[in-house]
Amino acid sequence: MTNAVNIGTGNTSGMFYHAPLAPTPPAMPTSPFDTLTGFTEVGFVGEDGPSWTPYGSIEIIRAWSLATIRNIKTEKGSVTVPVISTTEESLKTVFGAGAVTTAAATAEHGKLTTVKTEDGPYNEDEAFVLVGKDGDDGVMLSCASGRVTEIAEIGFAPGGAIIWGITITGDWSFVKDDGQVTTGG
């Protein structure tokens, strides 16, 4: 058994996926090894990987005696993802489909993908799944209904990847599957 942590490496499914909620929400996977149905690949995640904040904010309700009576979640959690793919699909995920247009290649130019931000944001709630590995185990962050709520400053450094740093706000689940299935008996 290995003790190495290899999130998203040595794994053809170390990727980021999304799916629209309409007309029918997709079936959410229960394991990182599940086949994703209804999801589209967004693209590669940068080497720093995603960051998960499980809870956005919690308000503690106390009695007069200062004993904690209950906790109320006032904000959802979030996942920050450094997307390093610059494709039509990744741009639609980052900026919302309404912000992205494409024009077919012509004799004067190749296929043009344009992002317009003057009337945005255009993001809608979607389902999201990030799949990777931790050693031999599969790991997955998933959100049945979340929204891109922040786009970080985008750098265009020579010799480096463009990183589309996004924050997706929603109720997230983490699953780790050791892949050791049982056989009948």
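Residues are numbered from 1 along each chain as its sequence is written, and side-chain values use heavy atoms, with hydrogens and water left out. Because the model is predicted, local features need pLDDT of at least 70 and side-chain atom pairs count only at pLDDT 80 or more, while totals for chains, interfaces and linings use all residues.

Confidence comes up before anything else. The chain averages a pLDDT (the predictor's confidence in each residue, from 0 to 100) of 89, and 92% of the residues score at least 70. Helices (H or I, at least four residues) and strands (E, at least two) are DSSP runs, numbered from the N terminus. Among the elements of the chain, mean pLDDT is lowest for E5, at 85, and highest for E8, at 97. Residues 1-13 are another story: pLDDT stays under 50 there, and the model has 21 contacts for this stretch beyond four places in sequence, a contact being heavy atoms within 4.5 Å. Where pLDDT is low, the predicted coordinates should not be read in detail.

On to the charged pairs. The structure holds 6 salt bridges, each one a side-chain nitrogen of Lys or Arg within 4 Å of a carboxyl oxygen of Asp or Glu. One of them pairs Asp 171 with Lys 76, with the closest N and O atoms 3.0 Å apart. Asp 171 sits in strand E11 (residues 164-177) and Lys 76 in the loop between strand E5 (68-75) and strand E6 (77-83), so this pair ties together parts that are 95 residues apart in sequence. For accessibility, buried means under 20% relative accessible area, exposed over 50%, and partly exposed in between (1.4 Å probe, protein chains only). Asp 171 is partly exposed because its relative accessibility is 37%, and Lys 76 is partly exposed too, at 41%.

E11 also supplies Lys 176, which bridges to Asp 134 in strand E9 (residues 126-134), so parts 42 residues apart in sequence are tied together. Here the closest N and O atoms are 3.9 Å apart. Asp 134 counts as partly exposed at 22%, and so does Lys 176 at 47%.

Salt bridges that share partners join Glu 88, Lys 92 and Lys 111 into one network. Lys 111 lies in the loop between strand E7 (100-103) and strand E8 (112-115) and Glu 88 in H1 (residues 88-95), so the pair links parts 23 residues apart in sequence. Lys 111 is exposed at 52%, whereas Glu 88 is partly exposed at 24%. Elsewhere in H1, Ser 90, Leu 91, Thr 93, Val 94 and Phe 95 are buried. Just after H1, Gly 96 takes a positive phi of about 95°.

That leaves the nonpolar cores, meaning sets of buried Ala, Val, Leu, Ile, Met, Phe, Trp, Tyr and Cys residues joined through side-chain atoms within 4.5 Å. The largest has 20 residues, and Phe 16, Val 81, Val 83, Leu 130, Ile 166, Ile 168 and Trp 172 touch the most other members. E6, H1, E9, strand E10 (137-151) and E11 each give two or more residues to this core, and E11 gives the most, with 4. Apart from this core lies another, of 8 residues, among them Met 15, Ala 19, Val 129 and Met 140.
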